[in-house]
Amino acid sequence: MIPKKGMIKVSDTFERIVHWCLAISCIVLMLSGLGMMFHSFNFLAIPVGGLKNLKLVHNFTGLIFIPSLFFAILVWWKEAAIFDVPDDIEWIKCAGGYLWHVENPPETGKYNPGQKAFFIAVAVFGIIMIISGLIMWFPLEFSASTVRVMFFLHALGFFVIFPFFFIHLYLGTIGVPGSFPAIMTGYVTRAWCEKQCPKWLREMEENGTLEVFGEEKPAAEHH
Ligand code: HEM
């Protein structure tokens with residue numbers, strides 16, 4: 001997968017490393033958590049040699065999730081947590097044209113409100129998962145009622161992040177064709193940008209910071 005001339009840079013190497021650390025740790029956590037939570041998913045413990053090991057895998061992957069989420073928030077909060085009023089409100093009213101036909105859905109910046117909702121859910125519930133998970137790891141250090149609330153919050157977080165993940169996975173691959181290269185090479189086509197993030201594209205072009213594959217880096221990048 002090599003970018004073609006004229007493709008547009010939407011993510012840098014650090015951003016992509018952060019995405020994959022977060023994604024892989026999150027997927028391992030969801031699968032190992034599922035394997036511990038439900039009897040019918042206990043078979044997920046077979047490859048690691050039993051439920052005790054699955055818990056070890058889960059807890060230590062959690063330790064990788066912590067810095068991954070920290071950097072993910074640092075990398076994305078500006079573009080994915082701040083709503084652009086009123087355009088984003090208009091976008092929400094018509095679901096961006098994703099659910100029914102909309103003639104001209106409002107233009108979006110780097111991320112649309114659906115993606116922002118996903119980011120916010122991951123950030124907020126991710127922090128809840130970390131805090132509740134750490135307390136559940138050392139239950140004897142806390143009161144029984146505190147630990148019980150943590151079990152509830154941990155399960156709640158799972159039921160929020162898990163379905164969101166499938167929507168994200170679907171849209172990032174087959175739902176919105178051309179998205180996947182954004183987290184592989186960091187480059188997407190101009191046509192994709194014009195459809196997915198037209199306002200961002202225009203702003204980047206106006207202030208001369210757009211990086212195009214095969215063209216010289218914009219002056220703003222040379223310090
Ligand atoms: C194999 C599974 C995954 C695929 C194929 C995938 C795909 C993508 C793609 C293509 C983008 C860039 C979208 C764009 O710029 O328009 C993206 C961004 C992002 N991904 Fe993933 N991803 C996966 C797993 C995950 C997981 C498990 C998480 C978090 C727990 C995650 C969190 C994010 C976040 C927060 C962004 C920033 C923009 C947004 O909120 O949508 N991804 N992903």
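## Basis of the model

Because the model is predicted, local features need pLDDT of at least 70 and side-chain atom pairs count only at pLDDT 80 or more, whereas totals for chains, interfaces and linings use all residues. Residues are numbered from 1 along each chain as its sequence is written, and side-chain values use heavy atoms, with hydrogens and water left out.

## Overall fold

The protein has 8 helices and 2 strands, where helices (H or I, at least four residues) and strands (E, at least two) are DSSP runs numbered from the N terminus. Read along the sequence, these elements follow the pattern β-α-α-α-α-α-α-β-α-α, and the C-alpha trace spans about 60 × 35 × 35 Å along its principal axes.

Of the 223 residues in the protein, 37% are buried; buried means under 20% relative accessible area, exposed over 50%, and partly exposed in between, with a 1.4 Å probe and protein chains only. Among the contacts (heavy atoms within 4.5 Å) with a separation of 6 or more, 67% are between residues 24 or more positions apart.

## The ligand site

The ligand sits in the largest pocket. A pocket is found on a 1 Å grid over the protein atoms alone, as an open set of points where a 1.4 Å probe fits, with protein on both sides within 12 Å along at least five of seven lines; a molecule sits in a pocket if more than half of its atoms lie within 2 Å of its grid points. The ligand is surrounded by 20 residues, the closest being H19, Q115, H168, S179 and W192, and a residue is included if one of its heavy atoms lies within 4 Å of the ligand. Helices α1 (13-37), α4 (113-137) and α5 (144-175) each supply at least two residues of this shell.

By class, the shell has 14 nonpolar, 6 polar and no charged residues, with Ala, Val, Leu, Ile, Met, Phe, Trp, Tyr, Cys and Pro counted as nonpolar, Asp, Glu, Lys and Arg as charged, and the others, Gly among them, as polar. An N or O atom in the side chain of H19 is 2.8 Å from a nitrogen atom of the ligand, and an N or O atom in the side chain of H168 is 2.7 Å from a ligand nitrogen atom. At Q115, a backbone N or O atom lies 2.8 Å from an oxygen atom of the ligand.

## S32 in helix α1

S32 is found in helix α1 and is buried, with a relative accessible area of 4%. Its side chain makes a polar contact, that is, a pair of N or O atoms within 3.5 Å, with the side chain of H58 at 2.9 Å, while a polar atom of the S32 side chain lies 3.3 Å from the backbone oxygen of L29. Leaving aside neighbours within four places in sequence, S32 is in contact with L54 and H58.

In helix α8 (residues 198-206), P198, K199, W200, L201 and M204 are buried, and the buried residues of α8 pack against β1 (8-9), α2 (51-80), α3 (87-93) and α7 (190-196). The helix is followed by G208, whose phi is positive, near 70 degrees.

E205, which also lies in α8, is partly exposed, with a relative accessible area of 40%. Not counting residues up to four places away in sequence, E205 touches R190 and L210.

Definitions and conventions
Polar contact = N/O pair within 3.5 Å; in protein donor to acceptor, adjacent residues only side chain to side chain. 1 Å grid on protein atoms, 1.4 Å probe; cavity = no way out; pocket = protein on both sides within 12 Å on 5 of 7 lines; lining within 4 Å.
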